[in-house]
Amino acid sequence: MDTFVVIFITTLSIFSMAFGTIHEHEALELHGVHPTFLASPTSYTVDAGQVAKLECAVENLDDKQVIWRKTSDPNPLTVGEESFYNNDRIVVDHKLHSNNWDLVIRQVRLTDAGVYECQVSTKYRNLRQQVLLTVREIPTNTTTVPRPHIQITGPQFVEKNGLIYLICNATGLEHTPDELDWFFNGNKLSTQENKKVTIRNMVSITSKTIASVLEIADAQIEDGGLYVCRTSNLQIISLRVSVLNADSFPVKRGNSDKKRKDKDELGQHAEHSYNTAHASVRHRHLLTSVLSVLLTAMFCLHPS
């Protein structure tokens, strides 16, 4: 009996040693030891052509990776220290044993403006921290009078059950616009408790800019229509969004129409070639018959 107990305890110990280490990282997360963002700025303003450095500091990162992406684009800009940009204009600045994973954008362009997201993906939670980048255009003429500016960015075509994701940026003349509202087909939108509609606003006082992110989850056909962004000083801009079934994207439909058109043209060309060839054969047969009749008549008139 004692021998059995010893064998059982030994087997249990070996089992614990073998499988306990496999889930070490999961156990740490379950017990509250997980990546955490440290305090960093939430908005940056940079002149076009300069270098923008967006800070992101994470402690307890362990073996996880930091991902940077622009919220208007589902594709990542960087994963860890690897950049997915086609040159070194956009890179991550990280020093060994440092908590900082800063996104560096060289030669900043006006199109770089928008909301960026520093993300850490774990098994039990997704950590996200967003920052707003405002790019100021360098005036070529110092006599140019500044004026308010407003724009909407985001995809105009969304698959059914997908995510409608729009960003509205508005810049005031003397001060930041007080409010920024969204309207859909004339009706004002607001964040819903069921999380289907989410609106988040961010303000940059130094650049007099307010940005608003509109998300509509599980998009349906009826969610397609005219989306309007309006500021408190009556700056207005709109964007029409279409919600399509998976097989009806305009690119696919265009390719299909082109293939159908090419096929029709090919068929018409083949039919024309066949008709031409067939007519040529008929003409040769007719000519042969006429010559045969003429020869027969000649032999009849002048027998040898």
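Two strands pair if DSSP finds at least two bridges between them. Strands are DSSP E runs of at least two residues, numbered from the N terminus.

The model is predicted: local features need pLDDT of at least 70, side-chain atom pairs count only at pLDDT 80 or more, and totals for chains, interfaces and linings use all residues. Residues are numbered from 1 along each chain as its sequence is written, and side-chain values use heavy atoms, with hydrogens and water left out.

**Exercise 1. Give the order of the open sheet of five strands, and find its edge strands.**

Step 1. The order is 13-20-19-15-16, and the pairing is mixed.
Step 2. Strand 13 (157–159) and strand 16 (187–188) each pair on one side only, and these are the edge strands.
Step 3. Inside the order, take strand 15 (residues 180–184) and strand 19 (residues 225–231): they are antiparallel over five bridges. Leu-180 stands opposite Thr-231.

**Exercise 2. Which residues make up the one aromatic pair, and how are the rings set?**

Step 1. Rings of Phe, Tyr and Trp (its six-membered ring) pair if their centres lie within 6.5 Å; planes under 30 degrees apart are stacked, over 60 edge-to-face, the rest tilted.
Step 2. The centres of Phe-184 and Tyr-227 are 4.6 Å apart and the planes are at 35 degrees, so the pair is tilted.
Step 3. Phe-184 sits in strand 15 and Tyr-227 in strand 19, 43 residues apart.
Step 4. Both are buried (under 20% relative accessible area; exposed is over 50%, partly exposed in between; 1.4 Å probe, protein chains only).

**Exercise 3. Sort the residues of strand 2 by face, then find the partner strand.**

Step 1. In a regular strand, side chains alternate between the two faces of the sheet.
Step 2. In strand 2 (residues 43–47), Tyr-44 and Val-46 form the covered face; Ser-43, Thr-45 and Asp-47 form the uncovered one.
Step 3. Strand 2 pairs with strand 11 (residues 126–136) in the parallel sense, over five bridges. Asp-47 stands opposite Arg-136.

Definitions and conventions
Helices (H or I, at least four residues) and strands (E, at least two) are DSSP runs, numbered from the N terminus.
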